[in-house]
Amino acid sequence: MEQNATKLYQGFLTHGKSYLDKGFVVIPEKRGMKSPSIKEWTTFSTRKPTEAEVKSWMTNFPDAGLSIMLGEISGVVALDIDETRQEVLDLILPLLPSSPVVKVGAKGETRFFRYVKGTHTDKLAFNGEMVVEVLSTGKKTHLPPSL
């Protein structure tokens, strides 16, 4: 069982470079969590990591998950739908654009879109609970194969 779990967590070492080679800025996240493995991760919302930084991450966090830095730096924004109540989804989903890439999670889904200059983070809450959030510069979201 542990061997299979280890295979699942070969995220950053195995997949990080392929994302970086495509022009996306990805950072390592703590194994099984949605928090970064590195301090000052927000630095990478405005600059790409150096080759030395990436090598260090691959050495120090080989089994880390991956997060993509959103906004202009990666050319991607995310529409995070944090809603599971079907009656609410029936109201909002027909209003939202479709996406060529969708990540489905335990509580909702994230749709990815090409960044358009000026797109900023914004949110829609109902009764104090997040329903939909546009994630752009300064934000991140985890990527497959992260758990």
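**Legends to views of a predicted protein model**

**View 1. The whole chain.** With 147 residues, a compact globule would have a radius of gyration near 15 Å, and the protein agrees with this because its value is 16 Å (taken over C-alpha atoms; the globule rule is 2.2 Å times the number of residues to the power 0.38). This is a predicted model, in which local features need pLDDT of at least 70, side-chain atom pairs count only at pLDDT 80 or more, and totals for chains, interfaces and linings use all residues. Residues are numbered from 1 along each chain as its sequence is written, and side-chain values use heavy atoms, with hydrogens and water left out. The C-alpha trace spans about 45 × 40 × 30 Å along its principal axes.

**View 2. Order of helices and strands.** The protein has 4 helices and 8 strands (DSSP runs numbered from the N terminus: helices are H or I with at least four residues, strands are E with at least two). Along the sequence they follow the pattern α-α-β-α-β-β-α-β-β-β-β-β.

**View 3. Surface and contacts.** Of the 147 residues, 37% count as buried (under 20% relative accessible area, with a 1.4 Å probe and protein chains only). Among contacts with a separation of 6 or more, 67% are between residues 24 or more positions apart (contact means heavy atoms within 4.5 Å).

View 4. Strand E3 (residues 76-81) pairs with strand E5 (residues 108-114) in the antiparallel sense over 6 bridges (two strands pair if DSSP finds at least two bridges between them). In this pairing, Val 76 stands opposite Arg 114 in E5. Strand E4 (residues 101-105) also runs antiparallel to E5, joined to it by 5 bridges, and Val 101 stands opposite Phe 112 in E5. A hairpin through 2 residues joins E4 to E5.

**View 5. Strands E3, E6 and E7.** E3 pairs with strand E7 (residues 129-135) in the antiparallel sense over 4 bridges. Here the bridge partner of Asp 80 is Glu 133 in E7. Strand E6 (residues 122-126) and E7 are antiparallel as well, with 5 bridges, and Asp 122 stands opposite Val 134 in E7. The hairpin of E6 and E7 has 2 residues between the strands, and Asn 127 takes a positive phi near 55° there.

Technical notes
Buried < 20%, exposed > 50% of the residue type's maximum accessible area, 1.4 Å probe, protein only.
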